[in-house]
Amino acid sequence: TLKGHALEARLYAETPATSFLPSIGRLEAFRLPDGVRTDSGVEAGDEITPHYDPMIAKLIAHAPTREQAIAELAAACEAVE
């Protein structure tokens, strides 16, 4: 049975000023928050190249209500370093 609400935010290494083209280079610092599910294939020190999708992580929040899930996801997004 379904229980609660889940929301996802995707983090990309893109540059808005260049129509969201990939922003390549070394990922100097990168820390994902605790308290939400995270999926990522990179870590601090990795190189972001133009040869792959620039998505660096997904944050997934789950809570009993949609409003709580939104609040958890917003807090997780703010906590990314």
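**Ground rules**

I number residues from 1 along each chain as its sequence is written, and my side-chain values use heavy atoms, leaving out hydrogens and water. Since the model is predicted, local features need pLDDT of at least 70 and side-chain atom pairs count only at pLDDT 80 or more, while totals for chains, interfaces and linings use all residues.

**Entry 1: the sheet**

I started with the strands and helices, which are DSSP runs numbered from the N terminus (helices are H or I, at least four residues; strands are E, at least two). Two strands pair if DSSP finds at least two bridges between them. I found three strands in an open sheet, in the order β1-β7-β5, with antiparallel pairing. Which strands sit at the edges? They are β1 (5-12) and β5, and each pairs on one side only. From one strand to the next, the twist averages 15 degrees.

Next I looked at how β5 and β7 are joined: four bridges link them, and they run antiparallel. Thr38 stands opposite Leu59 in β7. Then I checked α1, which packs on the sheet and touches β1 and β7. The direction of α1 makes about 145 degrees with that of β7. For these angles, axes are lines fitted to C-alpha atoms (for helices, over the stretch in contact), and the range is 0 to 180 degrees between N-to-C directions.

**Entry 2: Ala57**

I picked Ala57, which is found in strand β7 (residues 55-63). Is Ala57 buried or exposed? Ala57 is buried, with a relative accessible area of 2%. The cut-offs are under 20% relative accessible area for buried, over 50% for exposed, and partly exposed in between (1.4 Å probe, protein chains only).

I listed its contacts too (heavy atoms within 4.5 Å). Leaving aside residues up to four places away in sequence, Ala57 touches Ala9, Arg10, Leu11, Phe30, Leu32, Asp39 and Ser40. Ala9 is 48 residues from Ala57 along the chain, and their C-alpha atoms are separated by 8.4 Å.

**Entry 3: the core**

A nonpolar core here is a set of buried Ala, Val, Leu, Ile, Met, Phe, Trp, Tyr and Cys residues joined through side-chain atoms within 4.5 Å. The largest one has 17 residues, and Leu11, Phe30, Leu32, Ile56, Leu59 and Leu73 touch the most other members. I saw that β1, β7 and α1 each supply at least two residues of this core. Its largest share, five residues, comes from β7. Ile56 also has a list of contacts beyond four places in sequence, including Leu11, Phe30, Val42 and Ile48.

**Entry 4: salt bridges**

A salt bridge is a side-chain nitrogen of Lys or Arg within 4 Å of a carboxyl oxygen of Asp or Glu.

Arg37 bridges to Asp39, with the closest N and O atoms 3.0 Å apart. Arg37 is exposed at 52%, whereas Asp39 is partly exposed at 27%.

The side chains of Glu81 and Arg31 meet at 3.2 Å, N to O. Glu81 lies in the segment after α1 (66-79) and Arg31 in the loop between β4 (25-26) and β5 (37-40), so this pair ties together parts that are 50 residues apart in sequence. Glu81 is exposed at 54%, while Arg31 is partly exposed at 40%.
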